[in-house]
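Please find below a colleague's note on the structure, arranged as numbered points.

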Amino acid sequence: MPLRSSTRTLLRGLAVTDHVVDVPLRWDLGERGGPGRPVPASGPVPAAEPGPTLQVLAREVVDVRREGEDLPLLLFLQGGPGGKSPRPVPGQGWLARATRTHRVVLLDQRGTGRSTRVDASRAAELGAGTPEGDAALAEHLRHHRADAVVADAEHVRHAVYGGRRWESLGQSYGGFVTLTYLSRAPHGLAACYVTGGLAGLTATADDVYAATYPRVLDRNARHLARFPGDADLLGALADRLDAEDVRLPSGDRLTTRRLQSLGIALGRGDGSDDLHWLLDEAFRDGPGAAPDGPLAPSFLAAVEERTSHADGPLYVVLHESIYAQGPLLGQGPTAWAAQRLLPPELEPSARHLGLLGEMTYPWQVEETAALRPFRGATELLHAADDWGQLYETEVLAANEVPVAALAYHDDLYVDVEISLTTARALGRCDVWVTNEWQHDGLRASGGAVLDRLLASVAERGGPLA
């Protein structure tokens with residue numbers, strides 16, 4: 001499948017080129033793979049791949065002053081699942097640091113952004129809402145995991161860049177994808193940088209949530225220690241939502257458990273402050289208003305925006321599947337692990353009301369307008385027990401690609417002990433543990449985090465040729 005198109009734009013000191021390529025929905029139907037096991041291409045993909053196709057966007061960003069130079073390639077793998085790559089803003093954050101030395105490739109992973117995005121309208125096109133349509137949608141979504149993303153990236157590497165090795169930067173779930181890349185196609189990688197994304201190679205969803213729920217409870221306690229008045233605000237809101245039918249701008253009912261999902265912000269460095277000021281304006285007439293007083297429309301709009309998942313429904317739909325590796329590891333269905341392991345302190349009936357983390361729950365596809373079309377398919381995915389293996393432990397142990405990883409000591413989303421276990425099992429991996437940042441350290445640090453990771457690889461001989 002050849003490159004479909006390239007479009008170049010100048011953006012205040014950056015040259016931005018959008019490369020669009022066609023890829024098969026199912027890489028496992030080609031000559032190089034068997035059923036259920038996508039195999040990345042070792043060269044350009046033949047034009048006559050069977051089955052439906054998708055479009056994938058790879059957005060190349062380079063300092064316009066260095067556009068004509070032979071710079072190393074840096075592939076960025078976004079967190080999620082279901083998150084599109086960041087849109088470039090000149091002079092800001094890690095991207096400003098990266099474009100000083102690299103030609104950066106921002107990959108919209110399949111199903112996100114401009115890569116044949118999966119949203120409510122796509123679900124409708126596939127017939128969601130009937131048993132047959134839900135099954136078709138579930139089958140479509142099964143081919144949106146890390147193994148397929150790696151196959152897409154390998155195709156981009158050949159179709160656009162002539163098969164040249166590139167470095168990769170994996171943020172959060174992008175680190176999970178990196179481990180799959182190192183398992184399946186290490187020949188495509190010159191070096192890997194991972195921030196908050198060393199996944200457990202054999203950890204199940206149950207293992208992950210058993211490790212991270214205590215951290216969620218601790219983060220709640222820290223928040224209330226800083227902002228003790230928020231306990232009363234959350235309690236008043238929960239009592240109100242339990243007693244009344246409060247509607248968000250979309251028409252969704254604002255339930256107590258949807259209010260609890262605002263706790264995902266506690267995983268960011270500024271999340272506690274941000275959450276406090278949101279709650280501070282929940283009641284139109286201020287925190288001291290009568291508990292039956294009107295809620296501020298701006299508060300309801302903000303809750304809607306933060307909890308609708310309209311821009312990235314795959315985050316909820318595929319979230320537990322990123323931990324699923326099926327019969328090869330003796331795993332059964334994920335079966336809504338986060339709901340099954342929910343601590344009593346985080347039940348919506350609890351007072352003081354606890355806030356949730358990054359976990360996903362069955363009620364979300366029932367109560368959220370943007371997710372409701374995925375309800376049947378999501379249930380099928382959570383019941384599946386035949387997922388393919390994502391990581392090859394023997395290949396990773398023998399890895400020769402230099403890896404520099406950052407593990408956050410207090411990470412709310414990715415357990416540090418699980419990450420360190422993976423680091424010990426991964427060849428040529430240098431891991432840095434810090435509590436200076438939370439899960440958003442790559443973004444929040446400007447270029448400092450990326451600088452240190454680049455230096456780690458440089459001090460060990462640099463990227464592979």
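1. Y408 has T434 as its bridge partner in strand 9. The chain passes from strand 8 through helix 16 (residues 416-425) to strand 9, and this β-α-β crossover is right-handed. Right-handed is meant in this sense: with the strands pointing away from the viewer, the path from the first strand over the helix to the second runs clockwise. Strand 8 (residues 403-408) and strand 9 (residues 429-434) run parallel and are joined by six bridges. Two strands are taken to pair if DSSP finds at least two bridges between them. Helices (H or I, at least four residues) and strands (E, at least two) are DSSP runs, numbered from the N terminus.

2. Some conventions apply throughout. This is a predicted model, in which local features need pLDDT of at least 70 and side-chain atom pairs count only at pLDDT 80 or more, while totals for chains, interfaces and linings use all residues. Residues are numbered from 1 along each chain as its sequence is written, and side-chain values use heavy atoms, with hydrogens and water left out.

3. R428 belongs to the loop between helix 16 and strand 9. R428 counts as partly exposed because its relative accessibility is 34%, where buried means under 20% relative accessible area, exposed over 50%, and partly exposed in between (1.4 Å probe, protein chains only). Not counting residues up to four places away in sequence, R428 touches N399, E400, V401, P402, V403, R460 and L464; contact means heavy atoms within 4.5 Å. A397 and R428 are 31 residues apart in sequence, and their C-alpha atoms are 8.7 Å apart in space.

4. With strand 3 (residues 53-63) the pairing is antiparallel, over four bridges, and R59 has L106 as its bridge partner in strand 5. Strand 4 and strand 5 run parallel and are joined by four bridges, and L73 has R103 as its bridge partner in strand 5. The chain goes from strand 4 through helix 1 to strand 5 in a right-handed β-α-β crossover.

5. One joins G80 and P81, with omega about 5°; P81 is in the loop between strand 4 (73-77) and helix 1 (93-98). Another joins R351 and H352, also with omega about 5°; H352 is in the loop between helix 12 (337-340) and helix 13 (362-367).

6. Positive phi values occur in residues other than glycine. R12 has phi near 45° and lies in the loop between strand 1 (3-11) and strand 2 (14-24). R12 counts as exposed because its relative accessibility is 68%. T116 has a positive phi of about 35° and lies in the loop between strand 5 (103-107) and helix 2 (120-125). T116 counts as buried because its relative accessible area is 18%.

7. Is E304 buried or exposed? E304 counts as buried because its relative accessibility is 13%. The residue sits in helix 10 (residues 297-307). E304 touches L248, P249, S250 and R258, leaving aside residues up to four places away in sequence.

8. G446 is in the loop between helix 17 (441-444) and helix 18 (448-459). G446 is partly exposed because its relative accessible area is 23%. Its contacts, not counting residues up to four places away in sequence, are G93 and W94. G446 and S6 are 440 residues apart in sequence and 29 Å apart in space, C-alpha to C-alpha.

9. The structure holds six cavities of 30 Å³ or more. A cavity is a set of points, on a 1 Å grid over the protein atoms alone, where a 1.4 Å probe fits but cannot get out, and lining residues have an atom within 4 Å of a point. Grid points are joined across faces, edges and corners, and a volume is the space filled by probe spheres set on the points. The largest cavity has a volume of about 70 Å³. Its lining is formed by F176, L198, A199, G200, V208, Y323, Y413, V414, D415 and I418.

How values were computed. 1 Å grid on protein atoms, 1.4 Å probe; cavity = no way out; pocket = protein on both sides within 12 Å on 5 of 7 lines; lining within 4 Å.
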